[in-house]
Amino acid sequence: MEIDTKKSRILLDCGMDPSDNSLPNINSKDIGAVLVSHAHLDHCGAIPYFDFKKIYCTTPTVDLMYIIWKDISKLSKTYNEDSIKNAMGSIESLNYGEEKKITNDITMKMYDAGHILGSSSVYLDIDGKKLLYTGDINEVESRTLSPADTDIDEIDTLIIESTYGAPMDIKPARKVLEGQFIGEISSTLKKGGKVIIPVFAVGRAQEILSIIFNHMRSGSLERVPVYVDGALIHTTGIYLTYSHWLNPKIRNSLENGMNPFGDVKKADNSVFDNDPCIVISTSGMVQGGPILQYLKLLKNPNNKIILTGYQAEDTLGRELEEGVKEITPFKNKIPVNGEIVKIEFSAHGDYNSLVRYLKKIPKPKKVFVVHGEKYQSLSLAMTVWKTLKVPTIAPTVGSILPLF
Ligand SMILES: [Zn+2]
Ligand SMILES: [Zn+2]
């Protein structure tokens, strides 16, 4: 999203389309700064491709973003190591609540968005007018993070995400999901089977690790080796480094000498031996990354794959979800005899959570609804209008609109 004022041009996030890694259509010349809400591909993936003067984000976002960028440069060759280095050199990191004058007429501040480590809602003072861009938000406390901060200064214009913006987008309580998840893992381990869990490297991976180890510690889940692979080895390390950005429960367990993400092992050949185990690996939609090499475990009907998030069209994850009998991750076909289960853990607030968020923050005078499929955006726009009675727009990509 581009913000143009009389004196400056800035971007709020600069991501890639996660389904095909395509770049946004922007003119990067004269952009004074890019403000990054969090280290997910769809919010930061495209940055090194452009040569931006200045990039602002929270401190943990810097480290997470570096891993994401390295992953992209390896997988898609959109940009190289030099562009990443160049981008790293332009970053200035902030803490939540820290005010920063970024151009002649814009001052910024970041609030905790509760979505992934270091995620933020970006608050701008543009010549006295106030704008809040929520970024991706979760208003409910998770295993790893505090809920989104709603104790926000006055707002003229709100830009809100709408991933689960339709009234039908109501998710079961976390406890229920966790129960199902642990139940699915247990039933496979009891049969002597293996459980494969594809995840994205940041956010859900750490939630899942903390759920698994919590249940192993309390005895409600059999203790078996948990193998991890892919970028999440590094990202989980970053979660530990920035533990003071996580929720107080996680901080407590760390202070008591307990690793909330458990005693994981780097995946090796023992994943393929005869003993039951859990293997967690990238990528979340099974369209690349080390997860592909574990798919051959699905030849065995005792093994199971648990999909933990949305699976886009044209991904292997979607094929599995749709119940295909054969997959071709590499050259050879593999029969799918194992079980396929989907339990969606999301780092986004559901519809009810978005509505609660809207009621908790100061009432804006105008609202833009973004970051959702068309139906979700339009539905949330309708809800906002009904709840707050202020002008609300769900703009299409490419539209130019007055901010205030
Ligand atoms: Zn996100
Ligand atoms: Zn997003």
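**The sheet and its neighbours**

Reply: In this predicted model, an open sheet is formed by 6 strands with parallel pairing, in the order β13-β12-β14-β11-β15-β18. Its edge strands, β13 (265-266) and β18 (339-342), each pair on one side only. Helices (H or I, at least four residues) and strands (E, at least two) are DSSP runs numbered from the N terminus, and two strands pair if DSSP finds at least two bridges between them.

The model is predicted, with local features needing pLDDT of at least 70 and side-chain atom pairs pLDDT 80 or more, while totals for chains, interfaces and linings use all residues. Residues are numbered from 1 along each chain as its sequence is written, and chains are lettered from A and ligands numbered from 1 in the order in which they are written.

Me: Over how many bridges do β15 and β18 pair?

Reply: Strands of a sheet pair through backbone hydrogen bonds, either parallel or antiparallel. Here β15 (residues 304-307) pairs with β18 in the parallel sense over 4 bridges; K304 has E339 of β18 as its bridge partner.

Me: Which strands does helix α4 lie across?

Reply: Angles run from 0 to 180 degrees between N-to-C directions, the axes being lines fitted to C-alpha atoms, for helices over the stretch in contact; contact requires C-beta atoms, placed from the backbone, within 7 Å. Helix α4 (residues 174-190) lies across β11 (194-198), β14 (277-281), β15 and β18, at about 170° to β15.

Me: What domains does the assignment give?

Reply: Domain bounds come from an automatic or database domain assignment. The chain has domain 1 (2-168 + 347-393) and domain 2 (174-342), with 28 Å between their centres, taken over C-alpha atoms.

Notes:
Contact = placed C-beta atoms within 7 Å.
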